[in-house]
Number of protein chains: 2
Amino acid sequence: MDYIKLLKENNLKATPQRLTIVEELALNGHLNIDQIYKALQDKFPSISLATIYKNIHTMLDISFLNEVKIPNKKSVYELHKEEHSHIVCSKCNMIVDINLDISPLLKEASKISDFKLFESSVIFNGLCHNCK
Amino acid sequence: MDYIKLLKENNLKATPQRLTIVEELALNGHLNIDQIYKALQDKFPSISLATIYKNIHTMLDISFLNEVKIPNKKSVYELHKEEHSHIVCSKCNMIVDINLDISPLLKEASKISDFKLFESSVIFNGLCHNCK
DNA sequence: CTGACTGCAAACGTTTTGCACGGTA
DNA sequence: TACCGTGCAAAACGTTTGCAGTCAG
């Protein structure tokens, strides 16, 4: 994947720091602020937390990234992709994406509540294959 | 509902401040820290934010309350009840509870992911009857 | 009467801001 | 070259802690 191009298409300069954040997220799927910070310290020993925060926010603002708020855990960030659900292992904290057809649920919810629904956040937690 | 009794059953003293937090949550359903703080200032002009935080945490610890982490919003707190989903209005911020049968989704997720699943957090957002 | 709770003030960790410098386009 | 992005330091913010006094049981 050409992240340099992708960043430029979003009017963001492809600085080495920013590019590495994106690559780390592509590689790891979901990382919290501290994990991103630590992941960049090898390549950029003088990287600043402020830089991480600023980058995360500019990329959130243009929906290049998504924030995932997980019950009882720190928020993690992921590259934006189609809507999907998340499963979190309570023991090892592994997070996996899963595609579920939630449209029947949405339909039902919209009927009962009389809301016009746009988005959904579905997060399961349990124990992964290794931890269970 | 006799919240005094309910608090005592949970080994918590029924102080006026604590009781009022519970009553406000019973009345409003879902409130964030600031809203609780403001709601108590009428009755207790010298109420401290520390008191709110301490109470919320003691009541979370014994699962007398639940925290609901909502995407792009502050966390809100609710009295503990059976597992249910939430719908949030993006415009007026109203939050409503909804009972949906998510067991087919859980089953599917568990099959695909090979996780043993315990809990789920399902939050929809859209526009409520008045805002849409 | 005793331990739990409150309110205040200080401390803490996280996130944001301002600014001078440096690097991308 | 122009401007965006970085890194540092300081500030702001939300939350937690310690403590002395108070209150519920």
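Two exercises on a predicted model follow, each with a worked solution.

**Exercise 1.** Determine how chain B is related to chain A, and which residue of chain B comes closest to the rotation axis.

*Solution.* 
Step 1. Two copies of a chain are related by a rotation about an axis and a shift along it.
Step 2. Superposing chain B on chain A takes a turn of 179 degrees and a shift of 0.0 Å along the axis, and leaves an RMSD of 0.2 Å.
Step 3. The two copies are therefore related as by a two-fold rotation axis.
Step 4. The contact residues of chain B recur in chain A to 100%, so the same surface serves both copies.
Step 5. Among the residues of chain B, Val122(B) comes closest to the axis, with its C-alpha at 2.3 Å.

**Exercise 2.** Describe the protein surface near DNA strand D: its nearest residues, its polar contacts, the elements that supply it and its residue classes.

*Solution.* 
Step 1. There are 19 residues around DNA strand D, and those that come nearest are Thr15(A), Arg18(A), Lys54(A), Lys8(B) and Tyr53(B).
Step 2. A base oxygen of DNA strand D is 2.6 Å from a side-chain N or O atom of Lys54(A).
Step 3. Elements giving two or more residues to this surface are helix H2 (16–28) and helix H4 (49–61) of chain A, together with helix H4 (49–61) of chain B.
Step 4. By class, the surface near DNA strand D has six nonpolar, seven polar and six charged residues.

Methods:
Residues numbered from 1 in each chain as written. Chains lettered and ligands numbered in written order. Predicted model: local features only at pLDDT ≥ 70, side-chain atom pairs only at ≥ 80, totals over all residues. Heavy atoms only, no water. Least-squares fit on C-alpha atoms with pLDDT ≥ 70 in both. Contact = heavy atoms within 4.5 Å. Near = heavy atom within 4 Å. Polar contact = N/O pair within 3.5 Å; in protein donor to acceptor, adjacent residues only side chain to side chain. Helix = DSSP H or I, 4+ residues; strand = E, 2+ residues; numbered from the N terminus. Nonpolar A, V, L, I, M, F, W, Y, C, P; charged D, E, K, R; others polar.
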